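Please read the following report with the sequence and the model side by side. It moves from strand pairing to backbone geometry, and then to the pocket and the confidence values.

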Amino acid sequence: GSKLYGMTQVGGSNSKGLIFSIDTDGSGFIDLHDFTTATGSNTQGSLTLSGNKLFGMTEVGGSSSDGVIFSIDTNGNGYKVLLNFNGTNGKNPYRDLTLSGQKLYGTTYYGGIYTGGLVFSIDTDGNNYTDLHDFDATHGANPQGTLTLVNHKLYGMTNKGGIPNSYGVIFGCNDTSVITSNSTLSLTLTSVILYPNPNHGQFTVKLGSDRGIEGSRIDIYNILGEKVYTTELSSANNQINLNNKPNGLYLYRAITETGTLISSGEFII
């Protein structure tokens, strides 16, 4: 909406950094949370917004001083450590979290089996932490930057490792949350076609299958990121009417009942 959210690496009441909000006109600065050594400090990267929750990571702090994954409400309440890194499960997380449905993806710069960092996933409620890949120097080490998710594959880069010069690599890593054994999910269902585009508020959402997935839905957002419409995808061809919405650019996300992203894109009314 009209709010910006961010973090500082140091400063605040404990000199360990803080989370803040500020209105887009520069007024209304609020210190939402001051980090501590015990609950994470020295933040890296950006915050990830989902609904009324912000997610992020700190480079150090937490129970093992190796960094944490955290969530906090956009009003500053409910700060929660979702995971304490301890070396074995990763150390010194770097940069941003990537959100898909109810899953967060990220990397740690150190830690893991070979101590060269790893790629991980975790549910937004803090459950089901999974080490997706451990870097072994030969195939890259010390990942930096944000992961990009495309069709259930994660892409990123490492600062070091690789053959022959150890100058880093570009890598791809499978998202293991993809459902492959559930018969209700057709493996051909990898796309969503929305037409006509542009339109006058009435359009069709066609799934890449002859049927819908039980419990799947499409969420539509305006350019400010506000959800303006949601409906279940009950069949291969779904008729949607947004005649009451203003002209402009809109974004859509088609997801399964469990939060797995089917497809996303944009359209114009």
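## Strand pairing and the pocket

Leu-149 has Leu-154 of S14 as its bridge partner. The names of such elements follow DSSP, in which helices (H or I, at least four residues) and strands (E, at least two) are runs numbered from the N terminus. Two strands are said to pair if DSSP finds at least two bridges between them. This is a predicted model, in which local features need pLDDT of at least 70 and side-chain atom pairs count only at pLDDT 80 or more, while totals for chains, interfaces and linings use all residues. Residues are numbered from 1 along each chain as its sequence is written, and side-chain values use heavy atoms, with hydrogens and water left out.

The strands S13 and S14 (residues 153-160) run antiparallel and are joined by six bridges, and within this pairing Pro-143 stands opposite Thr-158 of S14. The two strands form a hairpin with two residues between them, and Asn-151 in the turn has a positive phi of about 50°.

Another open sheet has three strands in the order S1-S2-S3, and its pairing is antiparallel. Here S1 and strand S3 (30-34) are at the edges with a single partner strand each, so one side of each is left without a neighbour in the sheet. Six bridges link S1 and S2 in the antiparallel sense, and Lys-3 stands opposite Asp-23 in S2.

| Strands | Bridges | A bridge partner pair |
|---|---|---|
| S18 and S21 | six | Arg-217 and Ile-255 |
| S21 and S22 | seven | Leu-249 and Ile-268 |

Most residues other than glycine have a negative phi, and most peptide bonds are trans. Ser-15, in the loop between S1 and strand S2 (18-23), has a positive phi near 60°. Ser-166 also has a positive phi, of about 60°, although it is not a glycine, and its place is in the loop between S14 and S15. A cis peptide bond joins Tyr-195 and Pro-196, with omega about -10°, and Pro-196 lies in the loop between strand S16 (192-195) and strand S17 (202-207). Another cis peptide bond, with omega about 5°, joins Asn-197 and Pro-198, and Pro-198 is likewise in the loop between S16 and S17.

Which residues lie closest to the centre of the largest pocket? The largest pocket holds about 970 Å³ of space, and of the 29 residues that line it, Leu-49, Ser-50, Gly-51, Tyr-221 and Gly-225 are the closest to its centre. A pocket is found on a 1 Å grid over the protein atoms alone, as an open set of points where a 1.4 Å probe fits, with protein on both sides within 12 Å along at least five of seven lines, and lining residues have an atom within 4 Å of a point. Grid points are joined across faces, edges and corners, and the volume is the space filled by probe spheres set on the points.At least two lining residues come from each of strand S1 (3-8), strand S4 (41-50), strand S18 (217-222), strand S21 (249-255) and strand S22 (261-268). By class, the lining has 11 nonpolar, 12 polar and six charged residues, where Ala, Val, Leu, Ile, Met, Phe, Trp, Tyr, Cys and Pro count as nonpolar, Asp, Glu, Lys and Arg as charged, and the others, Gly among them, as polar.

The chain has a mean pLDDT of 87, and 91% of its residues reach 70 or more; pLDDT is the predictor's confidence in each residue, from 0 to 100. Over residues 178-190 pLDDT stays under 50, and the model has 18 contacts for them beyond four places in sequence, a contact meaning heavy atoms within 4.5 Å. Where pLDDT is low, the predicted coordinates should not be read in detail.
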